[in-house]
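Have the sequence and the 3D view open as you read.

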Amino acid sequence: MSTENLLYTTMSSSIGELLLAGDSTGLRHIYFESGDFTPPSDWQAVAALPYPVADQLDSYFAGHLHSFDLPLNPQGTAFQRKVWAALLEIPYGETISYLELARRIGNPSSVRAVGLANGRNPLPIVVPCHRVIGSNGALVGYAGGLSIKRALLALEGALAPQLDLF
């Protein structure tokens, strides 16, 4: 995968600093501060990408935007891109299981492969891999950590409120 000619910028959000990278064809990466946050030396720092990703993310974090309208150019295998396309079909505020995601791509026996593709999603938040949970309803796996996954799902109203009974 070539990383040449990628532009990047950073932005602050309610879940921490984000690094956004793309090229003239679309957004390619979103990195969390807690993850791999150092851009390669051949990437060019810019004040803003040539599409309104930071504005749309700000609106999403403010609770106003429920669907992104951005040019996307994630790099991956045909199978990964199929899984990522299915993620875009999960409505705001809803969750599905990895098994359901595997069913939606027409291969219910590929749960593990779907989980791996989901984990390699280069555009978290915009391609909503945080909306995929375990079959038992557990929050499992997320590149930014479970606290960020929980925060995103809470923002979208997809988590039942925690009751403090004692």
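Is Arg 131 buried or exposed, going by its relative accessibility? Arg 131 comes out at 5% relative accessibility, so it counts as buried. Buried here means under 20% relative accessible area, exposed means over 50%, and partly exposed is in between (1.4 Å probe, protein chains only).

## Ground rules

This is a predicted model, where local features need pLDDT of at least 70 and side-chain atom pairs count only at pLDDT 80 or more, while totals for chains, interfaces and linings use all residues. Residues are numbered from 1 along each chain as its sequence is written, and side-chain values use heavy atoms, with hydrogens and water left out.

Helices (H or I, at least four residues) and strands (E, at least two) are DSSP runs, numbered from the N terminus.

## The strands

Let's begin with pairing, which is called when DSSP finds at least two bridges between two strands. Strand S1 (residues 7–11) pairs with S2 in the antiparallel sense, over five bridges. Within that pair, Thr 9 sits opposite Leu 20 of S2. The hairpin of S1 and S2 has six residues between the strands, and Gly 16 takes a positive phi there, near 115 degrees. S1 also has a parallel partner: two bridges join it to strand S4 (residues 44–45), with Leu 7 opposite Gln 44.

Strand S2 (residues 18–23) runs antiparallel to S3, and six bridges join them. Gly 22 has Leu 27 of S3 as its bridge partner, and the hairpin from S2 to S3 goes through two residues. Strand S3 (residues 26–32) has six of its seven residues buried, so it is largely enclosed by the rest of the structure.

Further along, Ser 97 belongs to strand S5 (residues 96–97). With 16% relative accessibility, Ser 97 counts as buried. Setting aside residues up to four places away in sequence, Ser 97 touches Val 132, Ile 133, Gly 134 and Ser 135; a contact means heavy atoms within 4.5 Å.

## Where H2 meets H4

How do you describe a helix pair? Two packed helices are described by the angle between their axes and the distance between the axes. For H2 and H4, the angle is about 80 degrees and the axes are 9 Å apart. That makes H2 roughly perpendicular to H4. Axes are lines fitted to C-alpha atoms, for helices over the stretch in contact, with angles running from 0 to 180 degrees between N-to-C directions. Angles under 35 degrees count as roughly parallel, over 145 as roughly antiparallel, 65 to 115 as roughly perpendicular, and the rest as oblique.

From H2, the residues Phe 79, Gln 80, Val 83, Trp 84 and Leu 87 meet Ala 113, Val 114, Ala 117 and Asn 118 of H4. Take Gln 80, a residue of helix H2 (residues 78–87). Gln 80 is buried at 14% relative accessible area, and apart from neighbours within four places in sequence, Gln 80 contacts Ala 117 and Arg 120.

Val 114, Ala 117 and Asn 118 are the buried residues to look at in H4. They cover an arc of only 100 degrees around the axis, which puts them on the same side of H4; the arc is that of the directions from the helix axis to the C-beta atoms. Among what covers the buried residues of H4 are H2, H3 and S6. Arg 112, Leu 116 and Gly 119 are exposed on the other side of H4.

## Salt bridges

A salt bridge here is a side-chain nitrogen of Lys or Arg within 4 Å of a carboxyl oxygen of Asp or Glu. That rule gives a count of four. In one of them, Asp 23 and Arg 28 meet at 2.9 Å, N to O. Asp 23 is buried at 12% relative accessible area, and Arg 28 is buried too, at 6%.

Glu 100 and Arg 104 form another, at 3.0 Å, N to O. They are four residues apart in helix H3 (residues 98–104), which means a separation of about one helical turn. Glu 100 is partly exposed at 25% relative accessible area, and so is Arg 104, at 42%.

Back to Arg 131: it forms a salt bridge with Glu 156, with the closest N and O atoms 2.8 Å apart. Arg 131 lies in the loop between helix H4 (111–119) and strand S6 (132–133) and Glu 156 in the segment after helix H5 (146–155), so the pair ties together parts that are 25 residues apart in sequence. Glu 156 is buried, at 6% relative accessible area. Elsewhere, salt bridges that share partners join Glu 100, Arg 103 and Arg 104 into one network.
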